Amino acid sequence: MQKQLQQQQKFLFAKVLDAAQSSALHHKKTTTDFMDRYKSEIFFEKVKSIQNVRAMVFGGHEQSERRMIAFAPDYMELTEQDFPIQALHITKNKKFGQADLNHRDYLGSILALGIDRAKLGDIIVLEQKTICYVHKDLAEYVKSTLEYVSRTKVDVSVSDISTVTLPEKEWKYQTITVASLRLDAVAGGAFHMARGKVQQYIKKELVQLNWNTTTNISCLLKQGDMISIRGFGRIKIFEIGNITKKDRICVTIGRE
């Protein structure tokens with residue numbers, strides 16, 4: 001599976017290079033599709049040094065996890081308005097259907113319309129409605145065809161991303177103590193799992209570190225790192241603190 005992921009990453013990077021070269025060759029602004037944060041950061045570092053082309057990363061809002069890369073000849077300005085992104089506002093009918101819908105419900109229902117995942121950005125589930133960032137060419141299509149999420153009737157409207165106000169992300173903080181800053185040790189403490197169990201998840205490629213699947217059980221973590229285990233959620237390391245009398249390390253984590 002790791003080789004397959006590497007091949008997919010090479011293919012995606014080739015498309016990113018094509019967009020950059022097209023911008024330089026045809027003297028126009030170009031954008032990639034959405035990609036996860038890890039790939040966007042890696043690719044951006046690789047292409048930002050291309051001569052005569054400037055690049056910018058954006059996904060619709062400041063903390064976007066799925067983002068596009070835009071390119072322009074170096075004599076043109078690049079702004080957030082150059083990204084072909086619009087916001088879908090999805091409001092559910094609480095009287096009919098499921099009371100609680102999650103990210104997977106919304107994603108599955110939108111993909112079922114025949115939408116390519118690469119055309120979808122972040123899906124942010126809020127109390128009153130859900131915001132989905134989408135390529136602008138597909139926004140009206142989703143608006144007119146998405147009637148249900150799971151078995152719940154929904155209404156969909158479209159807006160410019162500049163009109164969207166998102167609440168600040170709320171974290172539930174907790175301080176844990178760990179024997180070391182190894183991935184398996186910190187993840188075990190954060191997700192209340194035996195270290196051996198975490199190692200199994202890592203070997204099965206079910207763990208992501210900073211949005212990238214990892215099989216490195218013993219890599220050392222630092223402040224700001226994000227860890228997710230499929231099916232168990234995600235945590236962020238906010239602070240690495242003092243060492244206790246029992247030689248354990250205090251780590252403050254946040255859970256979404």
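This report describes salt bridges in a predicted model.

Local features need pLDDT of at least 70 and side-chain atom pairs count only at pLDDT 80 or more, while totals for chains, interfaces and linings use all residues. Residues are numbered from 1 along each chain as its sequence is written, and side-chain values use heavy atoms, with hydrogens and water left out.

Side chains of opposite charge can pair when their charged atoms come close. A salt bridge here is a side-chain nitrogen of Lys or Arg within 4 Å of a carboxyl oxygen of Asp or Glu. The structure holds 12 salt bridges, including those in the table.

| Salt bridge | Closest N and O atoms |
|---|---|
| Lys39 with Asp36 | 2.7 Å |
| Glu77 with Arg54 | 3.8 Å |
| Glu65 with Lys169 | 3.8 Å |

Accessibility is classed as buried (under 20% relative accessible area), exposed (over 50%) or partly exposed (in between), using a 1.4 Å probe and protein chains only.

Glu77 forms its salt bridge with Arg54. Glu77 sits in the loop between strands S4 (66-73) and S5 (85-92) and Arg54 in strand S3 (residues 53-58), so the pair ties together parts 23 residues apart in sequence. Strands are DSSP runs (E, at least two residues), numbered from the N terminus. Glu77 is exposed at 56%; Arg54 is partly exposed at 31%.

Glu65 pairs with Lys169. This links distant parts of the chain, 104 residues apart: Glu65 is in the loop between S3 and S4, and Lys169 in the loop between strands S9 (152-160) and S10 (172-178). Glu65 is buried at 16%, whereas Lys169 is partly exposed at 41%.

Conventions. Helix = DSSP H or I, 4+ residues; strand = E, 2+ residues; numbered from the N terminus.
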